[in-house]
Amino acid sequence: MSRVACAAAVLAMTGVALGAAPAAAQTVDGALDGIERPAAPGDPVRSAEIDQRTAEIGATLRCPICRQQSVAESSARIAREMQDVIRNMLMEGRTAEEIEAYFVDAYGPWILLKPRAEGMNLFVYAGPGVAFLLGGFLVARRIRRGRSRDEEGRDEPETPDHLRKADRRWLEAAIKGS
């Protein structure tokens, strides 16, 4: 290779590296003018942040195939594709709420692992509390009834001794007969 070709190659490589450096500095810095810039290809800081946010958002969405796993946990092909969609949307600058709304529009509200507290889903959140209060009320009522019956029994005169002896004899005969 000639010296001129080598120099041209070195200048071309240096020019590409210098041209990429300011964009990388802006990306790592986060924002120079208050606006977050998209990640430069190969930027480890920004891609790690996007991967973490992808996992966080994926953990809130249900895998359409597995149903009992989140998109982040599942190894199904559709779950990996959904993670790619989440990653791309994050790189476009969309928020977690926008991404969640996109998947709810596409799949319906069942795609959320934690249902929203609205409409019929309120039973999921309020049902256990209402059942607990109702159960506590019924137990307290039962206890009060039992106490009032005990108090009523105390007011009655005691049974005569000859009835108690008859009951004991009957019980002893029943035990011997069995």
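Begin the tour by selecting Glu 81, which counts as partly exposed because its relative accessibility is 40%. On this scale, buried means under 20% relative accessible area, exposed means over 50%, and partly exposed lies in between, with a 1.4 Å probe and protein chains only. Glu 81 lies in helix H3. Its C-alpha atom is separated by 9.3 Å from that of Val 71, 10 residues apart along the chain.

**Before moving on**

This is a predicted model, in which local features need pLDDT of at least 70 and side-chain atom pairs count only at pLDDT 80 or more, while totals for chains, interfaces and linings use all residues. Residues are numbered from 1 along each chain as its sequence is written, and side-chain values use heavy atoms, with hydrogens and water left out.

**The whole chain**

Of the 178 residues, 16% are buried. The protein exposes about 13600 Å², of which carbon and sulfur atoms supply 60%; accessible areas come from the Shrake-Rupley method with a 1.4 Å probe, and for residues only the protein chains shown count as cover.

Next, colour by pLDDT, the predictor's confidence in each residue, from 0 to 100. The mean for the protein is 74, and 66% of its residues reach 70 or more. A contact here means heavy atoms within 4.5 Å. Where pLDDT is low, the predicted coordinates should not be read in detail.

**The nonpolar core**

Select Ile 57, Leu 61, Ile 86, Leu 90, Ile 99, Phe 103 and Ile 111: these have the most contacts inside the largest nonpolar core, a set of 16 residues. Helix H2 (44-58), helix H3 (77-92) and helix H4 (96-107) each supply at least two residues of this core. H3 gives the most, with 5 residues. A nonpolar core is a set of buried Ala, Val, Leu, Ile, Met, Phe, Trp, Tyr and Cys residues joined through side-chain atoms within 4.5 Å.

Now centre on Ile 99. Leaving aside neighbours within four places in sequence, Ile 99 is in contact with Ile 57, Ile 86, Met 89, Leu 90 and Arg 94.

Glu 97 also lies in helix H4; at 61% relative accessibility, Glu 97 counts as exposed. From Glu 97 to Ile 57, 40 residues apart in sequence, the C-alpha to C-alpha distance is 9.2 Å.

**A buried serine**

Move to Ser 70, in the loop between H2 and H3. Ser 70 counts as buried because its relative accessibility is 3%. Not counting residues up to four places away in sequence, Ser 70 touches Gly 58, Ala 59, Leu 61, Arg 62, Cys 63 and Leu 113.

**Salt bridges**

Show the charged side chains. The count comes to 4 salt bridges, each being a side-chain nitrogen of Lys or Arg within 4 Å of a carboxyl oxygen of Asp or Glu. Select Asp 51, Asp 84 and Arg 87, which are linked in a network of salt bridges.

- Arg 87 and Asp 51 form a salt bridge with the closest N and O atoms 3.1 Å apart. Arg 87 lies in helix H3 and Asp 51 in helix H2, so the pair ties together parts that are 36 residues apart in sequence.
- Asp 84 and Arg 87 meet in a salt bridge at 3.2 Å, N to O. Being 3 residues apart in helix H3, Asp 84 and Arg 87 are separated by about one helical turn.

Arg 87 is partly exposed at 26% relative accessibility, as is Asp 51 at 39%. Asp 84 is partly exposed, with a relative accessible area of 40%.

Then select Glu 92 and Arg 94, which form a salt bridge with the closest N and O atoms 3.6 Å apart. Glu 92 is exposed, at 55%, whereas Arg 94 is partly exposed, at 35%.

**Last stop: a surface patch**

Finally, select Leu 134, Phe 137 and Leu 138, which make a nonpolar surface patch of about 310 Å². Phe 137 is placed in helix H5 (residues 122-155). Patches are made of residues with over 30% relative accessible area and no salt bridge; like charges are joined within 9 Å, and nonpolar side chains (Val, Leu, Ile, Met, Phe, Trp, Tyr) within 5 Å.

Terms used. Helix = DSSP H or I, 4+ residues; strand = E, 2+ residues; numbered from the N terminus.
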